[in-house]
Amino acid sequence: MEQFGIIHFGLFCLAVMLLNATPGPDTAYIVGRSIAQGRTAGLISALGISVGCLFHAFASAFGLTAIIATSALAFTIIKLAGGAYLIYLGVRMLFSKPAVLIARSTEPERRPLQKIFWQAVLTNILNPKVVLFFLSFFPQFVSTDANHKTSAFLLLGATFVLMSTLWNSGTAFLAGTLARRASQNPRYKLWLERFVGTAFVGLGIKLLLTKH
């Protein structure tokens, strides 16, 4: 990878793996959708998160991430929007009518997959911690004298997206499988969704209250 201006590529992959294993808004969304609507919805959520990561990869490669991170107003707007969006999703899950949730378990084919996908994209894009991660983490693995820094950033971004997609897809598959086994008890599934909704609200509040 040194010919592309990338250094310590193995360490980069290890760090990405550890990052993916750390729970956050993206993982919470994927698990929530998998529990509520099954493995297909979870996998679509994972793809949406990956598209959001692609956005950040291109933004970091072409300088937009740096502009956002250095602009206090832009960063604050993204942080507030991201926190509010997580709270909105959580509240919807908390106050969904039980009859609707039971219908989801008995009619698994009726899934708004397009809506799930774009919600996942927004969940990732509106997470300011992802912006900071791409800004502070990626440059450490690009040589200062690299001739094509943009290409190096894009290659690191592609690696990040690929590894994240594999991890998130596995998470969705596992959560969806467990939810399928619990689908014979709609009340249990209802409480699972309430739990995930509460986690969403908690993450949103934490994001809003974070100063940095």
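## Annotated transmembrane regions

In the unreviewed UniProt entry, the annotation "transmembrane region" is attached to residues 6–22, 43–68, 74–95, 116–138 and 150–179. The structure discussed here is a predicted model, and annotations of this kind may be inferred rather than shown by experiment. For the stretch 150–179, the model gives 100% helix and 0% strand, with the end C-alpha atoms 42 Å apart.

## Overall fold

Of the 212 residues in the chain, 46% are buried. When contacts between residues at least 6 apart in sequence are considered, 87% of them join residues at least 24 apart.

Just after H3, the backbone at Gly63 adopts a positive phi of about 95°.

## The nonpolar core

The largest nonpolar core has 34 residues, and those with the most contacts inside it are Phe12, Phe134, Phe137, Phe138, Leu156 and Phe160. At least two residues of this core are supplied by each of helix H1 (9–20), helix H2 (25–37), helix H3 (39–61), helix H5 (72–94), helix H7 (113–125), helix H8 (128–137) and helix H9 (149–182). The largest share comes from H9, which contributes 7 residues to the core.

Phe137 illustrates how parts of the sequence are brought together: once its neighbours within four places in sequence are left aside, Phe137 is in contact with Phe12, Ala15, Val16 and Leu132.

## Aromatic pairs

The structure holds 4 aromatic pairs. In one of them, the rings of Phe12 and Phe141 have their centres 5.3 Å apart and their planes at 70°, and because an angle over 60 degrees counts as edge-to-face, the pair is assigned to that class. This pair links distant parts of the chain, with Phe12 in helix H1 and Phe141 in the loop between H8 and H9, 129 residues apart. Both Phe12 and Phe141 are buried, and together with Phe9 they form one aromatic cluster.

Phe58 and Phe62 form another aromatic pair, which is stacked, with 6.4 Å from centre to centre and 5° between the planes. Here the exposure of the two partners can be stated separately: Phe58 counts as partly exposed because its relative accessibility is 44%, whereas Phe62, with a relative accessible area of 58%, is exposed.

## A buried polar side chain

Gln37 lies in helix H2, and at 7% relative accessibility it counts as buried, because the cut-off for that class is under 20%. The side chain of Gln37 is joined to that of Arg33 by a polar contact of 2.5 Å.

Met17 lies in helix H1 and is partly exposed, with a relative accessible area of 44%; Met17 and Ser164 are 147 residues apart in sequence, yet 7.8 Å apart in space, C-alpha to C-alpha. Leu166 is placed in helix H9 and counts as exposed at 62% relative accessibility, while its C-alpha atom is separated by 8.7 Å from that of Ala46, 120 residues away along the chain.

Trp118, for its part, is found in helix H7. With a relative accessible area of 48%, Trp118 is partly exposed, because this value falls between the 20% and 50% limits. The C-alpha atoms of Trp118 and Ile49 are separated by 8.9 Å, although the two residues are 69 residues apart along the chain.

Conventions: Residues numbered from 1 in each chain as written. Predicted model: local features only at pLDDT ≥ 70, side-chain atom pairs only at ≥ 80, totals over all residues. Heavy atoms only, no water. Helix = DSSP H or I, 4+ residues; strand = E, 2+ residues; numbered from the N terminus. Core = buried A, V, L, I, M, F, W, Y, C linked by side-chain atoms within 4.5 Å. Buried < 20%, exposed > 50% of the residue type's maximum accessible area, 1.4 Å probe, protein only. Contact = heavy atoms within 4.5 Å. Polar contact = N/O pair within 3.5 Å; in protein donor to acceptor, adjacent residues only side chain to side chain. Phe/Tyr/Trp six-rings, centres within 6.5 Å; stacked < 30°, edge-to-face > 60°.
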